[in-house]
Amino acid sequence: MEITRITNLSEKEQISRAILKDLTDWFALDESREHYIVDAKMQ
């Protein structure tokens, strides 16, 4: 397995959004999901 650090903020947001859209049981509320995506992007 290869691990790659993502530093591009736009790419981080795209990846977070793609993952979280499939986890609606855990991130069902749009507002909560958006907050999480913004937080993840800044990490």
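Predicted model: local features only at pLDDT ≥ 70, side-chain atom pairs only at ≥ 80, totals over all residues.
A salt bridge here is a side-chain nitrogen of Lys or Arg within 4 Å of a carboxyl oxygen of Asp or Glu.

Residues are numbered from 1 along each chain as its sequence is written, and side-chain values use heavy atoms, with hydrogens and water left out.

K12 sits in helix 1 (residues 9-20). Leaving out residues up to four places away in sequence, K12 touches I6, T7, A40, K41 and Q43. Contact means heavy atoms within 4.5 Å.

V38 belongs to helix 2 (residues 30-41). V38 is partly exposed, at 44% relative accessible area; partly exposed lies between the buried limit of 20% and the exposed limit of 50%. Together with L9 and M42, V38 makes a nonpolar surface patch of about 280 Å². Patch residues have over 30% relative accessible area and no salt bridge, and nonpolar side chains (Val, Leu, Ile, Met, Phe, Trp, Tyr) are joined within 5 Å.

The protein chain as a whole:

| Property | Value |
|---|---|
| Box of C-alpha atoms, along the principal axes | roughly 30 × 20 × 15 Å |
| Accessible surface (Shrake-Rupley, 1.4 Å probe) | about 3900 Å² |
| Surface belonging to carbon and sulfur atoms | 53% |
| Buried share of the 43 residues | 16% |

Definitions and conventions: Patch = residues over 30% accessible without salt bridge, like charges linked within 9 Å, V, L, I, M, F, W, Y side chains within 5 Å. Helix = DSSP H or I, 4+ residues; strand = E, 2+ residues; numbered from the N terminus. Buried < 20%, exposed > 50% of the residue type's maximum accessible area, 1.4 Å probe, protein only.
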